[in-house]
Amino acid sequence: MLYLELIWSFFKIGITSFGGTSMIPLINSEMISHGWMAAAEVSDIVAIAEMTPGPLALNCATFAGIRTAGVLGAICANFGILIPTFTLTFLAAIFIEKFRTSTLLEKLLTGIRPATLGLVAGVMVTLSMSSYVVHDAISIPALLIGALDVVLLMKFKLSIPKVILISGVLGIICFKLLGL
């Protein structure tokens, strides 16, 4: 039954999100509502999924499935997340010529873009709460690491893997070695 629940949960995520960070609130909701993970664990899985190569959806489904029900759970979660994608891609391929010149599609995309931006903003707030709030207080070291990340990415144009590595080392120093 757990495997069917994983397929169904990730099917719902796949069918109602547009990939990338827009699916994080849905993953968070499904994992917490089923009692499979706590919010902090979901945040960790998203961080790992972002660091590993490949699409966020598959990485999250893989890690969440393994965490919940082992390798078979990962296969079920991936199957669930891919069913909508395969189905929609197949249907889009059939009607691609009609969609290419459709003004209705252009208007639809104009409405979807702001909604996606709102979902990303919501994800930022949710992840910020689990990343910057420790024991019901704002973590100054975590905020400083986050601010440093922005500077390294925007001003110094460091690559994302380098920034992740620097942040990880600073996190180990601040939270494990110094106990902040």
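The protein chain in this model has eight helices and two strands, where helices (H or I, at least four residues) and strands (E, at least two) are DSSP runs, numbered from the N terminus. This is a predicted model, in which local features need pLDDT of at least 70, side-chain atom pairs count only at pLDDT 80 or more, and totals for chains, interfaces and linings use all residues. Residues are numbered from 1 along each chain as its sequence is written, and side-chain values use heavy atoms, with hydrogens and water left out.

**Overall layout**

- The C-alpha trace of the protein chain spans about 60 × 45 × 25 Å along its principal axes.

**Helix packing**

- Two packed helices are described by the angle between their axes and the distance between the axes. Axes are lines fitted to C-alpha atoms, for helices over the stretch in contact, and angles run from 0 to 180 degrees between N-to-C directions.
- Helix 7 (residues 140-154) and helix 8 (residues 160-177) have axes that come within 10 Å and cross at roughly 160°. Helix 7 is therefore roughly antiparallel to helix 8; angles under 35 degrees count as roughly parallel, over 145 as roughly antiparallel, 65 to 115 as roughly perpendicular and the rest as oblique.
- From helix 7, the contact (heavy atoms within 4.5 Å) is made by Pro141, Ala142, Ile145, Leu148, Asp149, Leu152 and Leu153. Helix 8 brings Ile160, Val163, Ile166, Ser167, Leu170, Gly171, Cys174 and Phe175 to this contact.
- Sorted by class, the contact of helix 7 with helix 8 has twelve nonpolar, two polar and one charged residues. Here Ala, Val, Leu, Ile, Met, Phe, Trp, Tyr, Cys and Pro count as nonpolar, Asp, Glu, Lys and Arg as charged, and the others, Gly among them, as polar.
- The crossing of helix 7 and helix 8 is right-handed: a crossing is left-handed if the near helix is turned anticlockwise from the far one by less than a right angle, and right-handed if clockwise.
- Helix 1 and helix 4 cross at roughly 45°, and their axes come within 7 Å, so helix 1 is oblique to helix 4.
- The crossing of helix 1 and helix 4 is right-handed, and their contact has 19 nonpolar, five polar and no charged residues.
- Helix 2 (residues 24-33) packs with helix 3 at an angle of about 140°, with the axes 10 Å apart, so helix 2 is oblique to helix 3.
- Right-handed again describes the crossing of helix 2 and helix 3. Ile24, Ile27, Asn28, Met31 and Ile32 in helix 2 meet Ala39, Val42 and Val46 in helix 3, giving seven nonpolar, one polar and no charged residues.

**Pockets**

- The largest pocket has a volume of about 1400 Å³. On a 1 Å grid over the protein atoms alone, a pocket is an open set of points where a 1.4 Å probe fits, with protein on both sides within 12 Å along at least five of seven lines; lining residues have an atom within 4 Å of a point. Grid points are joined across faces, edges and corners, and a volume is the space filled by probe spheres set on the points.
- Its lining has 32 residues, with Ala47, Ser131, Tyr132, Asp149 and Ser167 nearest the centre of the largest pocket. Helix 3 (39-51), helix 6 (103-132), helix 7 and helix 8 each give two or more residues to this lining, which divides into 20 nonpolar, nine polar and three charged.
- The second largest pocket has a volume of about 550 Å³. Among its 22 lining residues, Ser17, Phe18, Pro84, Leu88 and Thr89 are the closest to its centre.
- Helix 1 (2-16), helix 4 (56-94) and helix 6 each give two or more residues to the lining of the second largest pocket, and the largest share, ten residues, comes from helix 4.
- By class, the lining of the second largest pocket divides into 16 nonpolar, six polar and no charged residues.
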